[in-house]
Amino acid sequence: MPKIITDVVCPYCGCLCDDLEVVIENNKIIETRSNCELGTKRFLDSDIPTRLKTPRIRVNGEFKEVSMDEAVQRAAEILVKAKRPLLYGWSSTECDAIKVGVELAEELGAVFDDTTSVCHGPTTLALQEVGISTCTLGDIKNRADLVIYWGCNPLQAHPRHLSRYTTFPRGFFRERGQENRTLVVVDVRKTDTAKLANHFLQVKPNYDYELISAFRLAIKGYKVPDFVGGIPREKIEEIAGIMKRSQFIAIFFGLGVTMSGAKNRTIDNILSLTRDLHKFTKCVIMPMRGHYNVTGFNEVSTWETGFPYAVDFSRGYPRYNPGETSTIDVLMRGEVDAALIVASDPIAHFPKEATKHLMSIPIVAIDSHESLTTEVASVVIPAAIAGIEVDGTAYRMDHVPIRLRKILEPPPGVLPDRQILARVLENVRRLKGEAQ
Amino acid sequence: MDTLKVILITGRTISQGTTREGKKKLREYLESTAICEFDPEDLGKLGIKEGEIVRIKTNDGTVVVRAKLSTQTPHPGIVFIPLGPWANEVIGSDTDSIGMPSFKSTPAEIEAAPHETILDALTLIRGRQATCQKS
Amino acid sequence: MKPLLIKNGYVYDPLNKINGEKVDIAVKDGKIVEESQINPLEAEVIDASNKVVMPGGIDIHTHIAGYAINAGRLYRPEDGHLLLEPRVSVRRSGSGYSVPSTFVTGYRYARMGYTMLCEPAMPPLLARHTHEELNDIPIVDTVAFTLLGNNWIVAQYLKKGEYEKCAAFVAWMLRATKGYCIKMVNPGGVEAWAWRSNVKDLNDPVPHFGITPAEFIHGLSIVNEMLRLPHSIHLHTNQLGVPGNFEITLGSFELTREVKANPIKGERKQSIHVTHAQFSSYGGDSWKTFESKAGAVAKYVNSNPHVTIDIGQVVPGETTTMTADGPLEYNLHSLNYLKWINHGIEIETGGGLVPFIYSRTSPVNSVQWATGLELALLIENPFQVYLSTDHPNAGPFIRYPKIISWLMSRRARESELQRLHAVTGKRSIIETINREYTLYEIAIVTRAGQAVALGISDIKGHLGVGADADIAVYDLDPNNLTSEGIEKAFSRALYTIKSGEIVVKDGEVVREGRGKRFWVNPKVNETLERTMLRDVRSTFAQYYTVTMANFPVQEAYVPLSSEIKIETTSIS
């Protein structure tokens with residue numbers, strides 16, 4: 001008899017949609033409703049052949065299946081033996097697991113970092129310089145009459161963003177939905193998102209900083225050059241005029257600006273544009289966070305340690321210095337001699353040289369499915385999927401915390417991340433105690 | 001044209017996103033992620049058709065992937081490879097002292113490579129492993 | 001848990017009228033008991049000879065948990081690096097000076113003998129975040145105040161005069177957020193700020209909703225007493241921080257004069273509590289003519305028992321401002337150009353942050369310093385005025401011992417005054433005030449008074465039989481007081497006892513643990529609730545971005561829950 005579960009929270013992207021319906025029969029997911037393609041696959045693929053079901057340890061180059069006890073013991077040995085372990089990943093698991101991660105990192109004197117390092121790290125650095133004017137997504141749904149997507153393509157990475165939050169929905173003050181709003185897209189390609197825009201600005205690669213500066217000048221009435229980043233002055237002035245006449249501007253930006261050119265300086269500039277616009281009207285800005293709980297990682301890390309990512313516990317207290325204590329850098333300097341990777345696949349997603357350093361050290365991988373990282377790990381521990389088989393908290397891209405639901409039992413013997421990590425921590429403490 | 005100079009950007013797509021979880025060793029992942037999306041004008045300049053194999057070279061490396069016609073056009077002079085191990089073959093690890101590598105807007109050169117084979121993800125990774133020491 | 005016997009100390013327990021007498025305190029199973037209830041041979045004996053014993057400290061208004069404080073930590077790593085604490089023994093590591101991380105927040109308060117804290121700004125949509133952080137603050141009991149003073153649904157009900165439905169909604173909100181009381185910040189003004197505006201005074205209507213701040217304040221005070229909540233409405237006034245705003249403060253006090261306190265428990269008499277009142281006690285009409293009007297505010301408080309305040313005392317130095325008062329924070333940023341965070345929360349509220357330096361060379365900051373102390377010294381009944389800094393807005397909470405020394409010692413005040421701007425004496429009357437607080441009065445303004453105002457004086461804020469065993473022992477001889485000695489003693493308690501366990505010894509945390517979360521659950525008539533829920537359901541369906549089913553804070557977020565049930569089914 002199929003069962004329909006409502007108000008299910010999707011554990012994929014930063015949209016963290018919580019209005020899904022999931023149809024379950026015999027402890028299997030048959031269908032999801034109100035979901036985008038990315039989220040649907042997440043639910044349906046929770047049970048494919050590459051799902052990890054038993055712990056394994058590498059012995060003489062080959063994987064050998066072992067008990068959970070042996071696996072967590074071996075994991076602890078690797079981490080305790082290391083002088084500078086790295087604990088990385090985290091953005092695709094729930095907050096209670098992250099809290100155990102902080103405790104483990106503190107116990108080990110480890111570097112504690114997540115995908116922010118290679119995603120919106122520059123955004124964090126920028127807002128640590130100039131602050132940020134932002135709001136929750138519902139404020140945008142209800143108030144925004146000008147929506148700008150800069151250097152991001154939600155139709156491919158956050159598919160329901162426009163329909164659930166920003167452009168299409170009817171809001172309290174925008175009763176006619178899209179008709180009450182103007183959509184502007186700035187990108188180097190005419191993306192699917194750009195094709196929906198009222199105004200598309202095809203900026204030249206690496207010219208975002210200049211274009212933002214041009215807007216900051218234009219809104220203050222200064223004359224800008226004939227072309228900035230390939231955009232003609234008339235267009236810049238036209239958009240600046242629309243900005244000043246709007247009642248509530250919402251700007252979203254993504255990896256198009258964090259990963260290129262001036263990186264954090266570009267973000268600094270666009271955050272400053274948002275602030276400058278307050279001389280004329282209301283303006284908010286929001287980074288398009290990729291993973292469903294990358295924001296949650298930043299929140300937990302910040303409240304427990306004082307710092308949002310790239311936290312180094314090697315001195316017994318937390319230190320923060322991205323560029324020094326961030327994952328790619330500690331790997332490239334060859335400092336890390338063991339790694340614990342939780343719910344992430346850095347071997348697939350890090351640049352080549354960084355992955356070589358990662359592959360030269362023992363890796364403990366905790367994940368739900370096989371990945372390129374589990375392929376090269378020394379210890380692999382299967383984990384239950386947060387949001388499907390485990391409850392917990394996740395923070396949406398606008399910092400709204402939503403409780404993930406458990407709608408299915410995990411495969412037999414497969415534990416939540418938080419329990420696995422607690423057992424690793426227990427073993428680490430025991431080994432350290434024995435060493436004394 | 002033998003060599004096309006372009007700007008390379010990497011990023012997310014739906015099909016990369018739906019094939020990355022637990023499918024990295026599968027054909028689906030290779031087909032969605034070991035690709036390079038071209039503006040039709042650039043395909044024309046290179047003298048190749050969609051589906052043919054190309055070699056992309058940056059200061060940081062070389063990789064062989066399949067050419068695809070982009071749906072996010074126009075963008076002449078820019079090519080797009082989805083985030084993943086193929087893109088990362090040609091992305092440097094320098095973080096400009098802020099922790100973030102330059103995943104986007106890297107200068108690159110592209111050539112047709114009709115006789116090359118695209119490595120599957122696992123082979124690609126093993127290749128890297130062979131060039132580093134395991135402790 | 002071993003019983004405790006604290007012997008021979010000079011006890012200051014105002015709720016039981018004990019003023020420095022030598023009284024032995026017996027503790028068993030987390031409670032204060034008659035000495036005959038414990039076996040002295042089994043008990044751990046604390047020799048408190050020549051020491052001061054008080055109930056554990058209570059902070060009625062301190063920003064320690066939730067979205068805003070965490071934004072402060074996140075965007076000020078420089079504040080983190082100012083004061084780092086390593087992991088030692090039972091203590092977790094942490095960082096932060098004005099925006100400390102959660103573990104060290106609990107440790108630092110416990111070291112000062114504090115055992116209960118009130119997080120004053122919990123946006124309902126983000127309540128889960130507040131509770132998650134409170135769960136990570138060690139040792140102390142905590143409550144969180146639910147922000148309702150800019151809420152669309154409250155505004156719509158009050159505008160129509162539908163007090164019963166508003167009460168039903170507030171009851172539902174308090175239960176859904178596991179909140180303790182009705183908190184208002186710049187009522188109406190934060191909604192106006194979403195359109196880059198503000199409210200000018202108590203009668204300035206909010207854009208679109210048409211409700212005035214006066215209607216918000218008066219309406220919610222009536223709702224508060226209909227629901228018989230333990231605490232009164234807790235108000236951050238309109239036009240906070242602006243020269244001349246004292247008139248609005250007096251006007252706000254007036255709005256609830258006829259509203260009779262009717263709590264379900266406790267002894268509170270106030271129908272309004274105005275928080276960090278120093279920021280709301282300004283005269284003049286510009287920064288040039290800025291002056292303290294603490295005298296006028298104190299005069300009103302002295303003749304009106306329906307009002308209580310906490311002072312929000314400025315301490316010179318660097319800190320971080322954070323409030324739900326969005327327009328205020330933008331104005332502060334426009335003054336000092338330091339990095340500014342702005343936030344808006346759909347349907348409900350907003351806020352902002354700006355770092356701030358209270359400078360001794362600034363005439364305005366110097367007069368602000370005087371204003372807070374004047375309030376405390378001119379208000380005659382210490383049960384109507386409490387010590388706070390609106391941490392961290394006027395200064396970090398670790399400065400409380402310094403403030404205590406200013407209250408207790410005229411010389412200590414003069415010594416600070418000499419370092420401040422010369423204009424201070426002309427724009428305030430601080431120089432003329434001779435009053436010095438006694439230890440008994442300090443016990444009221446840092447413990448007993450808060451407990452009464454919060455409606456929790458049955459078990460908190462006193463050392464009589466039946467109270468929770470939350471006790472502080474200070475290394476202070478009442479016969480031999482110096483201002484340096486006072487500051488030192490209150491900085492590091494000799495002992496802090498929480499729920500009957502010694503958690504601090506010789507000024508350092510020796511035991512970890514978690515305190516309780518108090519929250520209120522008022523019940524209303526079922527039919528009324530159903531009618532109200534229909535309105536709420538439609539707001540969720542159309543305007544919120546989370547589903548109504550996912551909105552309430554789940555049980556998992558309050559593992560040590562202490563629910564205060566209020567049966568108020570008389571409301572229909």
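**View 1. C:Arg91 and the residues around it.** Setting aside neighbours within four places in sequence, C:Arg91 touches C:Pro86, C:Tyr107, C:Arg111, C:Glu508 and C:Val509. This is a predicted model, so please read each view as a prediction. Is C:Arg91 buried or exposed? C:Arg91 is buried, because its relative accessible area is 11% and buried means under 20%.

View 2. With a relative accessible area of 2%, C:Ile444 is buried. Which residues are in contact with C:Ile444, leaving aside its neighbours within four places in sequence? They are C:Pro14, C:Pro382, C:Phe383, C:Gly449 and C:Gln450. Another residue to look for is C:Val385, 59 residues from C:Ile444 along the chain; the C-alpha atoms of C:Ile444 and C:Val385 are separated by 8.7 Å.

**View 3. The fold of chain B.** Chain B holds five helices and six strands. Starting at the N terminus, you can follow them in the order β-α-α-β-α-β-β-β-α-β-α. The C-alpha trace spans about 50 × 35 × 30 Å along its principal axes. For 135 residues, a compact globule would have a radius of gyration near 14 Å, and the 15 Å of chain B agrees with that. Contacts tell us about the fold too: among those in chain B with a separation of 6 or more, 77% are between residues 24 or more positions apart.

**View 4. The surface and charges of chain B.** Of the 135 residues in chain B, 57% count as buried. Chain B exposes about 5500 Å², and carbon and sulfur atoms supply 50% of this area. How far apart are the mean positions of the positive and negative charges of chain B? The 17 positive and 18 negative charges have mean positions 7 Å apart.

**View 5. Confidence along chain B.** The average pLDDT of chain B is 91, and 97% of its residues score at least 70. Within chain B, helix H1 (residues 14–19) has the lowest confidence, with a mean of 85. Strand E3 (residues 53–58) has the highest, at 97.

**View 6. Where the chains meet.** Two pairs of chains touch, and the pair with the most contacts is chains A and C. Chain B and chain C share no contact; their closest C-alpha atoms lie 15 Å apart.

Notes: Residues numbered from 1 in each chain as written. Chains lettered and ligands numbered in written order. Predicted model: local features only at pLDDT ≥ 70, side-chain atom pairs only at ≥ 80, totals over all residues. Heavy atoms only, no water. Helix = DSSP H or I, 4+ residues; strand = E, 2+ residues; numbered from the N terminus. Rg over C-alpha atoms; globule rule 2.2 N^0.38 Å. Buried < 20%, exposed > 50% of the residue type's maximum accessible area, 1.4 Å probe, protein only. Contact = heavy atoms within 4.5 Å. Areas by Shrake-Rupley, 256 points an atom, 1.4 Å probe, with all protein chains shown as cover. Lys, Arg positive; Asp, Glu negative; His and termini not counted. Charge placed at Lys NZ, Arg CZ, Asp CG, Glu CD. pLDDT = per-residue confidence, 0-100.
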